[in-house]
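Thanks for asking me to look this one over. Here are my notes, as numbered points, to read with the structure open beside you.

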Amino acid sequence: MNAPLSPPIPSIPPLPEGARKPRVLILGAGMSGLLMGIQLKRAGIEDFSIFEKREEVGGTWRENRYPGLACDVPAHYYTYSFEPNPEWHHRFARGPEIQNYMRHIADKYDLRRHIVFGEEAADARFDGRRWQVKMKSGREDSGEFLVSACGFLHHPREPQIPGLEHFAGKRFHSARWDMSVDLKGKRIGLIGTGSTGAQIVSAVSKLPCELNVFQRTPQWVFPLPDREYPLAERELLKRFPIIARTAYKFFDQSFDHVLARAMIEPGWQRRMVEALCQWNLDRVKDPLLRRHLTPDYQPMCKRIIMSWDFYPAMQRPSVKLVVDGIERVEEQGIRTVDGKLHPLDVLVLATGFNTHEYLRPLELTNAQGLTLSQAWGERGPHAYYSLAIPGFPNFFLLGGPHSPLANGSVIRYTEALVGYVMQCIGHYGEGRFNTLAPRQDATDAFYDSLRESMQGTVWVSGCQNWYIGKDGLPEVWPRRPREFNEALRRPRLEAFELN
Ligand code: NAP
């Protein structure tokens, strides 16, 4: 019998009377930066600032504007555990709705007066006691703690395709959608069939236009139907918040017991996901199209696409799948290796992100002059339990390498991360240290255990995916998400160097 899931965040008690209260600098006003602010306030710490490079909160949900933008994690689970939202209109919330939720959070928790909009950190140095941060504008600030809440899907990846710059039509990355372009009646080229590309296909295929989908690698698609929540149901959720809380727990359990297990170990869960993906693929009637859409690797090795609509969309007459490789982009369109020119008016690059950059190009420098780029140089990004880096005291990274980011609710595990950071700050308040940084040997031991656990996971079953780090180790959590949350329930101070 499995133990019940632990609550995501240990309750944050206010710091006791007379405790030291540090100044905390937070980078990014997305979902994790806002959560960090909420928990600092709950602990009675008001001396913090959240620096946000844009003019509004919301992170990825503010940046992305593409047609079909939605979250493929169920809305009642993609929610702060302490802030259920009876207003979700669909099982999979649309992007603007999620951004509204973030705005509501910023207002409700009185976070806006802590947010400095339009400021992007350019340089951060630790002087032995405090982080000195310089913004691009020249503004400077300092604090005892620095928390990066920048996310990892924010550096659009431009593909290295010859001639891209010569395209005469409109061209943009999915995360920089050009809202001024009317797609109706246009010949659109879409490069990329990941989670973003699949959502764009589902939406754009319904418009009166021609859509050419340039696929390099087919993806597995899990059939998860969307559903609109009617007014009566939303009213019911308003009156009985327990329903939304129960839904949250249901999705949490289901993810932990089924999808997460399917990814990390062989068993009935994996077989079931594979069978459902195959069943979904079999909904493609034309044998040639089905063959072209059939991946040659195991489901979930690449981040699995959750969509009921993708295959029906691919079968619409206005959609053409191009599987011949791209040779180059020309003024008039895309030339494939078979010599054919595909004439286009608009070119959309749904080609993903430079996911291993994390907070960079912001450079961190420690008191000994070592930079983060140097520390991560040969081995690539690594961090103790994804959130703290040896040699960089009083710095925390939310959503760093090896957190459980594959197909789960990022909000769920961020609550565990922020709970951990808050407890470290609590220990600082009690005077147990001035600075803390994870020990190298504790970090190495963490990595040895990660490497061992990676055997048997789908991510090492043989495919190209953006999880794979420089050292060949996928930057995901190879065990059940509940084990991640459990591991973060209490900081083990003996794993840190304290000064
Ligand atoms: P992605 O998963 O990295 O997919 C990029 C796509 O572009 C792939 O199909 C890739 O092909 C293709 N591509 C890249 N360079 C290419 C080139 N030079 N020529 C041809 N094709 C090229 O990126 P994404 O779809 O933007 O998704 C990134 C992440 O964002 C997701 O994994 C997910 O974490 C997040 N996301 C989440 C949601 C959500 O609903 N929660 C929605 C969208 C995105 P190959 O496969 O051959 O490399």
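1. Helix H6 (241-264) is the biggest contributor to the lining of the second largest pocket, giving six residues. Please keep in mind throughout that this is a predicted model.

2. How big is the second largest pocket? Its volume is about 390 Å³. There are 22 lining residues, and those closest to the centre of the pocket are Pro74, Leu224, Phe251, Ser254 and Leu259. Sorted by class, the lining holds 16 nonpolar residues, together with four polar and two charged ones.

3. Domain 1 (24-155 + 354-498) and domain 2 (164-227 + 236-349) each provide at least three residues of the lining of the second largest pocket.

4. On the domains themselves: the protein is divided into domain 1 and domain 2, and both are written as two stretches of sequence, 24-155 + 354-498 for domain 1 and 164-227 + 236-349 for domain 2. Taken over C-alpha atoms, their centres are separated by 27 Å. The contact involves 45 residues from domain 1 and 46 residues from domain 2.

5. Now the overall fold. The protein has 13 helices and 21 strands. Its C-alpha atoms fill a box of roughly 70 × 50 × 45 Å along the principal axes. The radius of gyration is 23 Å, which agrees with the value near 23 Å for a compact globule, because that is what 499 residues would give.

6. How much of the chain is buried? Of the 499 residues, 58% are buried.

7. Val133 lies in strand E5 (residues 131-135) and has a relative accessible area of 2%, so it counts as buried. Leaving aside neighbours within four places in sequence, the contacts of Val133 are Leu25, Ala121, Asp123, Ala124, Arg139, Glu140, Asp141 and Leu146. For a sense of scale, Val133 and Ala244 are 111 residues apart in sequence, and their C-alpha atoms are 40 Å apart in space.

8. Some backbone geometry deserves a second look. Most residues other than glycine have a negative phi, and most peptide bonds are trans. Against that background, the peptide bond from Arg360 to Pro361 is cis, with omega near 20°. Pro361 sits in the loop between strand E17 (346-349) and strand E18 (363-365).

9. Where is Asn394? Asn394 is in the loop between helix H10 (372-376) and strand E19 (395-397). Although Asn394 is not a glycine, its phi is positive, at about 55°. Is Asn394 buried or exposed? With a relative accessible area of 0%, Asn394 is buried.

10. His402 is not a glycine, and its phi is positive, near 75°. His402 is found in the loop between E19 and helix H11 (410-429). The relative accessible area of His402 is 2%, so this residue is buried.

Key. Residues are numbered from 1 along each chain as its sequence is written. This is a predicted model: local features need pLDDT of at least 70, side-chain atom pairs count only at pLDDT 80 or more; totals for chains, interfaces and linings use all residues. Side-chain values use heavy atoms; hydrogens and water are left out. On a 1 Å grid over the protein atoms alone, a cavity is a set of points where a 1.4 Å probe fits but cannot get out, and a pocket is an open set with protein on both sides within 12 Å along at least five of seven lines; lining residues have an atom within 4 Å of a point. Grid points are joined across faces, edges and corners, and a volume is the space filled by probe spheres set on the points. Helices (H or I, at least four residues) and strands (E, at least two) are DSSP runs, numbered from the N terminus. Ala, Val, Leu, Ile, Met, Phe, Trp, Tyr, Cys and Pro count as nonpolar, Asp, Glu, Lys and Arg as charged, and the others, Gly among them, as polar. Domain bounds come from an automatic or database domain assignment. The radius of gyration is taken over C-alpha atoms; the globule rule is 2.2 Å times the number of residues to the power 0.38. Buried means under 20% relative accessible area, exposed over 50%, partly exposed in between (1.4 Å probe, protein chains only). Contact means heavy atoms within 4.5 Å.
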